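Subject: Handing over a structure

Dear colleague,

Please find below the sequence and structure that I promised to pass on to you.

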Amino acid sequence: MNRILIVEDEKKIARFLELELQHEGYEVITAADGRSGLERALHDAPDLLILDLMLPEMSGIEVCRRIRRESDLPIIMLTAKDDVSDKVMGLDMGADDYMTKPFAIEELLARIRVALKKHRTSGEHAHAGTLHAGVLTLDPVSYEVVCRGTPVTLTKKEFDLLRYLMEHAGEAISRDQLLRDVWEYDYAGDTNVVDVYVRYLRHKLDEPFHIRTIQTIRSVGYMFRYEELPGSENA
Ligand code: CA
């Protein structure tokens with residue numbers, strides 16, 4: 001089921017859209033201001049965003065601009081006034097389409113179908129099993145790691161370690177288990193090598209991208225738990 005995020009501060013319009021989209025079989029999530037809309041767009045994995053332009057907290061243009069630094073989520077803008085410069089700016093910021101209020105719901109539904117289809121077609125090269133955590137994605141088939149839209153070069157062993165930890169996100173994993181499963185040592189080897197590789201990964205991911213990925217679990221080992229560091233949205 002496709003999940004659609006509606007970011008709209010006018011309650012009546014938001015409610016109307018929510019009901020219509022649910023009726024069409026979409027899962028709907030909503031936000032009533034720009035800042036929480038951006039948050040939900042980046043963390044709640046919607047398939048498409050309907051974004052009002054005039055919003056409290058953060059404008060629709062700014063929301064659009066920030067999403068585009070990290071994601072190719074299809075965006076349909078809603079604009080209340082028939083203002084050409086706003087539309088142009090929105091499209092420049094990477095919105096896929098726009099509608100001027102008031103609009104016919106059938107037209108919006110048609111444009112949603114087009115945007116979803118276009119996105120699906122363009123994304124067909126993405127492999128199943130791709131791991132996501134916030135701004136970080138790891139593709140186990142193509143061996144690509146991308147963070148905030150930037151490819152990150154990892155060695156084979158760094159990649160294997162990151163993949164293993166992401167697959168077990170939220171679980172504390174001992175150094176011995178990592179040695180056994182990632183390095184395939186079936187004896188208790190020197191666990192120091194694990195610490196060294198965790199350091200390499202943090203150096204390549206956490207520091208440059210203002211995130212936290214691999215947490216140290218005292219007297220156990222490590223755990224993948226994704227966090228954005230304060231101020232990272234301005235990075
Ligand atoms: Ca508005």
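The notes below go from the whole chain to its strands, the metal site and a few single residues.

This is a predicted model, in which local features need pLDDT of at least 70 and side-chain atom pairs count only at pLDDT 80 or more, while totals for chains, interfaces and linings use all residues. Residues are numbered from 1 along each chain as its sequence is written, and side-chain values use heavy atoms, with hydrogens and water left out.

Of its 235 residues, 42% count as buried; buried means under 20% relative accessible area, exposed over 50%, and partly exposed in between, with a 1.4 Å probe and protein chains only. If we take contacts (heavy atoms within 4.5 Å) between residues at least 6 apart in sequence, 55% of them join residues at least 24 apart.

Next come the strands. Strand β1 (residues 3–7) and strand β2 (residues 27–31) run parallel and are joined by five bridges, and V7 has A31 in β2 as its bridge partner; two strands count as paired if DSSP finds at least two bridges between them. Between β1 and β2 the chain passes through helix α1 (residues 11–23), and this β-α-β crossover is right-handed, which means that, with the strands pointing away from the viewer, the path from the first strand over the helix to the second runs clockwise.

Elsewhere, three strands form an open sheet in the order β10-β12-β11, with antiparallel pairing. Because β10 (173–174) and β11 (211–217) stand at the edges, each with a single partner strand, one side of each is left without a neighbour in the sheet. Six bridges join β11 to β12 (residues 221–228), and I214 has F224 in β12 as its bridge partner.

Which residues coordinate the calcium ion? They are D9 (OD), D52 (OD) and M54 (O), at 2.1 to 2.3 Å, where donors are N, O and S atoms within 2.8 Å of the metal (3.2 Å for Na, K and Ca), and since water is not among the atoms, sites may look incomplete. D9 lies in the loop between β1 and α1, and M54 in the loop between β3 (48–52) and α3 (60–68), so the pair ties together parts that are 45 residues apart in sequence. Both count as partly exposed, D9 at 30% relative accessibility and M54 at 48%.

Finally, a few single residues deserve a look in the viewer. A cis peptide bond, with omega about -5°, joins K101 and P102, and P102 is found in the loop between β5 (97–100) and α5 (105–122). A45, in the loop between α2 (34–43) and β3, is a residue other than glycine with a positive phi, near 50°, and A45 is exposed, with a relative accessible area of 55%. R148, in the loop between β8 (144–147) and β9 (150–152), also has a positive phi, near 45°, whereas R148 is buried, with a relative accessible area of 14%.

Methods. Helix = DSSP H or I, 4+ residues; strand = E, 2+ residues; numbered from the N terminus.
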